[in-house]
Amino acid sequence: MVMDKRRLNLSLSMASPLQREAWAILSAIPAGQRTDAVCHAVCRAHEESTMLDVLRAVLREELGGARFTTEKSMRTQEAGDVGDDVLGFLLALQNDGGDEKTDPLF
């Protein structure tokens, strides 16, 4: 029985923070389990990347025709515009707070 094996030699630079972190993680894994750990990590990263690509495509398709407005843009008034509530308040002040019914437009 002939075993089909592939070999990958990996050299990590301790000057690179990412590679130094990877080395710390790999060296904490017991010998004999490192190959499986690397394989699981590579496969999970690939699956995650594929899933994110699919999710982005679905979101683009579903939200493609949607129009969004921000709360700020909905509240923005032109310079000089005064809301009806402000006008009503000012009119009430002019009438000394009387109980008479007022027109909010004046």
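Throughout these views, buried means under 20% relative accessible area, exposed means over 50%, and partly exposed lies in between, with a 1.4 Å probe and protein chains only.

The model is predicted: local features need pLDDT of at least 70 and side-chain atom pairs count only at pLDDT 80 or more, while totals for chains, interfaces and linings use all residues. Residues are numbered from 1 along each chain as its sequence is written, and side-chain values use heavy atoms, with hydrogens and water left out.

View 1. Starting at the N terminus, the order of elements is α-α-α-α. Helices (H or I, at least four residues) and strands (E, at least two) are DSSP runs, numbered from the N terminus. Of the 106 residues in the protein chain, 4% count as buried. The chain exposes about 10300 Å², and carbon and sulfur atoms supply 58% of that area. Accessible areas come from the Shrake-Rupley method with a 1.4 Å probe; for residues, only the protein chains shown count as cover.

View 2. A disulfide is a covalent bond between the sulfur atoms of two cysteines. Here the criterion is a pair of cysteine sulfur atoms within 2.5 Å, and the count comes to 0 disulfides. Cys39 is in no disulfide, its nearest cysteine sulfur being that of Cys43. Cys39 is partly exposed at 42% relative accessibility, and Cys43 is partly exposed at 44%.

**View 3. A nonpolar surface patch of Leu52, Leu55, Leu59, Leu63 and Phe68.** Together these residues have about 500 Å² of accessible area. Leu52 sits in helix α2 (residues 34-63) and is partly exposed, with a relative accessible area of 35%.

**View 4. The largest pocket, with a volume of about 560 Å³.** Of its 13 lining residues, Leu8, Asn9, Arg34, Thr35 and Val38 are the closest to the centre. Helices α1 (17-28) and α2 each supply at least two lining residues, and α2 gives the most, with 4 residues. On a 1 Å grid over the protein atoms alone, a pocket is an open set of points where a 1.4 Å probe fits, with protein on both sides within 12 Å along at least five of seven lines; lining residues have an atom within 4 Å of a point.

Note on methods
Patches are made of residues with over 30% relative accessible area and no salt bridge: like charges are joined within 9 Å, nonpolar side chains (Val, Leu, Ile, Met, Phe, Trp, Tyr) within 5 Å. A salt bridge is a side-chain nitrogen of Lys or Arg within 4 Å of a carboxyl oxygen of Asp or Glu. Grid points are joined across faces, edges and corners, and a volume is the space filled by probe spheres set on the points.
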